[in-house]
Amino acid sequence: MALESRFDCARDRVLSQSECEERGCCYAPLSSSVPAGPPWCFYPRSYSGYRMGPFTPTARGQAATLVRPSPSYLPKDISTLSLEVVEETASCLHLTLKDPSSRRYEVPLPTGKSRRNGGTQDHLYEVDFHPDPFGFIVRRKSNGRVIVNTTVAPLLFADQYLQLSTTLASSLVSGLGEHYTPLSLNLNWTSLTLWNRDMAPHSDVNLYGSHPFYLVQEEDGLAHGVFLLNSNAMEVILQPTPALTWVAIGGILDLYIFLGPDPQSVVRQYLQVIGYPIMPPYWSLGFHLCRWGYLTTNATRQVAQHMHNAKLPLDVQWNDLDYADKRRVFTFDPWRFGDLPDMVEEFHQRGLKYILILDPGISSTSPAGTYPPFDDGQKRGVFITNATGQTLIGMVWPGQTAFPDFTNPETRHWWEDCIRQFHSKVPVDGLWIDMNEPSSFVQGSVDGCPNSDLENPPYTPPVVGGQLNSGTICLSAQQTLSTHYNLHNLYGLTEASATHRALVKVRGKRPFVLSRSSFPGIGRFSGVWTGDVSSDWEQLRYSIPAVLQFGLFGVPLAGADVCGFEGDTTEELCVRWMQLGAFYPFMRNHNDMSNVPQEPYVFGQRAQTAMRSALNLRYSLLPFLYTLFHHAHTSADTVARPLFLEFPTDPNCQTIDRQFLWGNAVLISPVLEQGAVELAAYLPPGTWYSLHNGQPFYSKGQYLLLPADLDTINVHVREGHIIPQQEPALTTAASRRNPFFLTVALSTGGWAWGDLFWDDGDSLDTFKTGDYCYVIFIAGQSQVVSDPLRLNGALDGLVLGGLRVFGVPSPPRYVWANGEIVRDFTYHTDTKALTVSSLALPMTEVFTVQWTL
């Protein structure tokens, strides 16, 4: 057997030769100089397993019983399983394996439209079942390619160990977050653990979120995805066969297979299962500024004032835990933050928003009757309890803390009451939910944890700290839905859901929630950031695949702490990070307490100018970004997009993660190396125009060396696209009233198309209720025409102030706007760019701008 085709028969523990052979497996040692490599103990080609009985029809599909004639080598083996196969849609196959005799924990999916399609559309897949030993093969019907093949290694299903292996159709695999990895995962005998953990990003460790979904790029531009809906601790083993093995230590095997056939369709099909992302408030796409260590309201005010004085755009001022009285949430320090309500009111009057941190841990040591969140929570039974039914006490920033159980409906009501009470004093505009893995500074609880199979399961995937309860609460802790053993990875998701719901009820406006911990479906409630990144160049580079992966996971509102959180930044690094961060869908500069300051205004004039330029560029593009979020919210499109998603048939795009797209039209190529003043950027085939000046690049699909001085970020617009922009301002409240302008990137045939979604930016469900404007723009035959397809008043009084047309082949003799001659236009013969200024065409009416050559 080829080394790369070996599947590990000793995943659960190290075995001697005799122990390996006792399992019926092969033993062939290798040189031990390599830390990770092919297993020494591996399954033979034919290995006994479950036998499958005949299919019988069910309400949803068909079912069969699997029986294991002899027990496996695992403790508490489950010898009879039920298999259900549901053809959810023509492109989505759903298989579940569970224990028919005993109910096991199953992750609830969002209730939504039925995903079943009653149509007769041809299925993109066909499935073969091997009855003995059980396995199945899923093929792509169009070309017979094997997508999933589980016959290569046995299915194992014990109480605390579920294992399923499959071959992979190629070595180009993305997903399985959250980890510090490139966009394309390393399959050379690597292992990824999914177990949410408060851990600063670095390689080979489990981080804050768990996303058991992967996407495979096949040959010829096709792609498929696989989602294992399971919230237990999980290890995913990747090997160069190419193949993958899932190991989960609880729950059931609930597998969705998405056939695409292209990568963007795979993401859309995945989001049809886990839910489409939220529509963020418009202001949340502006610049956010935060630091742990703004010690008073006056210090916080000064930050916002310095930004204003330096003419640096800022929409949202934040406070970390400095605001809280004795670090207890739902309070504010009476001395240092005594006038917090006044400060927030001042911000609001200036068009700024305000957000503060809200950790889930509720201080349990205040004198009785002095801290209502804990007193009321105890009365209402909202906290997670230990195995004997008392409130479990851990240790977080305020000292000893209890942890709300967000799977309990009463907890969600209590949480809303706490937020309402606090909001009546401090009218925050959004909430930042941190520490929600949940994180605790003692292992398990202040009283330790019982010695049980939940705390010390027969097999523990490789996790930071070696034990599952390291840095978090006891796994035997009780929640309404199940034990924390089953629910741990869902904690951030359930808190985000409760916080989102509370903000809707309390504010009556579109909520903004930012969560550190995540699980599939969190994009319906929240954005995410990538946690405590370090201020260094490697972490700057790795932030791109991190943000792009969250896009694949249905969380487009994502970003990394701009300039880094841990350690001191440098001026050059911070400029480059601000330039890249200007194209994170969520942009926040956040800093740790002990570091040098990194607010944009603290740097030299050259650096400030570069940062101001990056921020103004972002603010000018917000109408386009907001429209992309609309398409993400309504159609499951991606916002920050890997190149392979847009150009799946271009082999050069398969692993690129140092550049990315906004939507399908704007290509961002940031500087990611210290001292660089030029940059090799890949331009897929076609014409690309510099967003800066319209200079065209006619690419055959090649790398180009582009100048990239400290004040430059290279951004290109793809031919055939129209980008709606707006004159920037220091806040979105101001920029939203400014004139629009269009950047029109003509195709070689002289055509282009674009659109604009516009509403009040803050109201709930505007798309669902039809309370929005939607305008399309079409260029062709030497003219640009707008077509307002829907109007609601949100664009009233707003005008088109001008446009830039890239790719105009020769100097125009005349330019007309709505039939009237325009004198204020320029044409650059070197770049073939036409600029038309001084217009005032109402956005609510059809307009035509034309030129004669």
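This is a predicted model: local features need pLDDT of at least 70, side-chain atom pairs count only at pLDDT 80 or more; totals for chains, interfaces and linings use all residues.
Residues are numbered from 1 along each chain as its sequence is written, and side-chain values use heavy atoms, with hydrogens and water left out. Helices (H or I, at least four residues) and strands (E, at least two) are DSSP runs, numbered from the N terminus.

**Strands**

- E24 and E25 (residues 399-402) are joined by 4 bridges, and Ile 393 has Ala 402 in E25 as its bridge partner.
- Strand E40 (residues 721-726) has 6 of its 6 residues buried, so it is largely enclosed by the rest of the structure. Buried means under 20% relative accessible area, exposed over 50%, and partly exposed in between (1.4 Å probe, protein chains only).
- In a regular strand, side chains alternate between the two faces of the sheet.
- In E40, one side holds His 721, Ile 723 and Gln 725, the other Ile 722, Pro 724 and Gln 726, and all are buried.
- E40 runs antiparallel to strand E41 (residues 740-745), with 6 bridges joining them; Gln 725 stands opposite Phe 741.

**Helix H6**

- Helix H6 (residues 409-425) has 17 residues and reaches 25 Å from first C-alpha to last, close to the expected 24 Å. The expected span is 1.5 Å times one less than the number of residues.
- Its buried residues include Trp 414, Trp 415 and Phe 422.
- Among the elements covering the buried residues of H6 are E23 and helix H8 (491-507), where contact means heavy atoms within 4.5 Å.

**Nonpolar cores**

- A nonpolar core is a set of buried Ala, Val, Leu, Ile, Met, Phe, Trp, Tyr and Cys residues joined through side-chain atoms within 4.5 Å.
- Tyr 323, Trp 662 and Val 744 touch the most other members of the largest core, which has 192 residues.
- Helix H11 (residues 605-635) gives the most to this core, with 14 residues.
- A second, separate core of 43 residues includes Tyr 125 and Phe 129.

**A loop residue**

- Gly 37 sits in the loop between strands E1 (26-27) and E2 (41-42).
- Gly 37 counts as partly exposed because its relative accessibility is 26%.

Methods
Two strands pair if DSSP finds at least two bridges between them.
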